[in-house]
Amino acid sequence: MALTVEAAALTAKVAPAAAAAVPAFQVSNADIDITPSIGYPMAGYGVDSPRLSEDVNEPLRARCTVLWDSGAPNVIVTADVLAFGRTMHQQIRAGVVDLGVGNSDFVLTATHTHNGPVLIEKLDPYIAYNMSDQTEISEYSSWLVQALIDLVADALAAPRTTCTLEYYLLDENFSINRTGFAHQETAVPTLVARDLAGNPCSVLFGYGTHPVAAGGQVSFDPDYPSEAIKTIEAYLPGCFAQFLTGAAGDQNPATTESFEQSDAYGQDLGLTVVNAVELPGRSISGPISTSYSEVQLPLDITLTDENIKAVANAFAARATRPNDPPYPGWVIRHASVSAAYLRSKPPLDSLETSIPLPIQSWKFGGLRILFTGGELVSGYAEYFRNVFGTENVWINAYSNEVPAYIPSDEILRAAGYEAGYDADAPGIGGGSMGVYNHIAHFRGKPTSTSPDGVEQLLIASALSIL
């Protein structure tokens, strides 16, 4: 597909500067196969009987790009998994920091494929997949933690290519908003490292739609991002490609039915990148400035004995009440677990009232890259593009750890999966907050005098580091 108008205009303005840039960057890469053995349970769709893998359509991989800024490493790891929970993220981060990488200079991301492996914590293996025995899950998750640390070590030790960096803002159109709102993700931010001969040697690119184009299968598969990577690397020999998932919480591919459809989307996305990099892009200079922090996102819960008793009763009713059609099994399991926990009368001050969310930024050459945890909905990407200019900010989600969907006030105004509560029980966590195992949904800001909610706090925190 053609460059956007904005990107094309930038190309025309910056081509002379790109030729004159003095390289301060190097790049190195590594990747590994992380596909579990056949028979391992698959993540991504709530089921009552674990979805056991029967085959491998495409291997699952983890990829690492290191941008060396005047000798200092800035590391991005992407793995073909649904999401990392807090424990795995913190273990991987600690291991990478021990290798000599600065804390804010390391980013861990998940592609969010729905035909990848079940991991510990998120999604909760019992609630989402009815898995009581999680021994195998724990063993694979522990192996993956060390494998990703080793991957970073390999990338740090790999040969470095002195390079220049160029940025492109491209577009795709196979994403749709599944909630019915107007936001549609089209942005394909792309950062290209070129060797001193001008050849692309490494590409980071992103798009904001769920990797669910293949639908639920019983074969491991990374979905459309893998085919896009393969396309880029086939057309640009010697080039390493890595995909980052954007604000895809409310975005799905237009069709989600088969591996063939997933491959078609991926090839289209890959060719969008390939066709663009034939022309010079916007020159990006150093130094790279990085920041890492966490924001506490508030849950809508009142900590009184009377209210917690009412919440416990609401979960108990949900777990046992006849319904036509019946609730999905994961809804019943979440309700049963939550009711039992609350009826055990835990201390009020031990109950979860907020969820920590990592946010991270890399800034260089006028480009701001934001990495947020969670399943960020697309309205946030639209907001930050309006603030900073579409061509100046790149929004990534599914970064570091994924504790929940991150809805906007617009999403929270109506019950639904992304909002984290259901119309029949609006006072308790439901929808996506059920499958992520939280007893409450996020607090919004319904009036101007209400306390700040998830949207206001996330935006303020992100703006402070952008």
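Student: Where does P287 lie in this predicted model?
Tutor: P287 sits in the loop between strand 15 (282–284) and strand 16 (289–298). The peptide bond leading from G286 into P287 is cis, with omega near 0°.

Student: Which residues does the other cis peptide bond, with omega about -10°, join?
Tutor: That bond links K122 and L123. L123 belongs to the loop between strand 7 and helix 3 (125–129).

Student: Is Y398 buried or exposed?
Tutor: Buried means under 20% relative accessible area. Y398 has 1%, so Y398 is buried. Now take N437, where phi is near 65°, again a positive value in a residue other than glycine. N437 lies between helix 11 (431–435) and helix 12, in the loop. Its relative accessible area is 29%, so N437 is partly exposed.

Student: What does the side chain of T111 contact?
Tutor: It makes a polar contact with the side chain of D80, at 3.2 Å. T111 is buried, at 3% relative accessible area. Beyond neighbours within four places in sequence, its contacts include T78, V81, P211 and T245.

Student: How do helix 9 and helix 12 cross?
Tutor: The axes of helix 9 (residues 378–388) and helix 12 (residues 454–465) come within 12 Å and cross at roughly 40°. The two helices are therefore oblique to each other. Their crossing is right-handed. The contact residues divide into ten nonpolar, no polar and one charged. Among them are Y380 and F384 in helix 9, and E455 and L458 in helix 12.

Terms used. Residues are numbered from 1 along each chain as its sequence is written. This is a predicted model: local features need pLDDT of at least 70, side-chain atom pairs count only at pLDDT 80 or more; totals for chains, interfaces and linings use all residues. Side-chain values use heavy atoms; hydrogens and water are left out. Axes are lines fitted to C-alpha atoms, for helices over the stretch in contact, and angles run from 0 to 180 degrees between N-to-C directions. Helices (H or I, at least four residues) and strands (E, at least two) are DSSP runs, numbered from the N terminus. Angles under 35 degrees count as roughly parallel, over 145 as roughly antiparallel, 65 to 115 as roughly perpendicular and the rest as oblique. A crossing is left-handed if the near helix is turned anticlockwise from the far one by less than a right angle, and right-handed if clockwise. Contact means heavy atoms within 4.5 Å. Ala, Val, Leu, Ile, Met, Phe, Trp, Tyr, Cys and Pro count as nonpolar, Asp, Glu, Lys and Arg as charged, and the others, Gly among them, as polar. Buried means under 20% relative accessible area, exposed over 50%, partly exposed in between (1.4 Å probe, protein chains only). A polar contact is a pair of N or O atoms within 3.5 Å; within protein, one must be able to donate a hydrogen and the other to accept it, and residues adjacent in sequence count only if both atoms are side-chain atoms.
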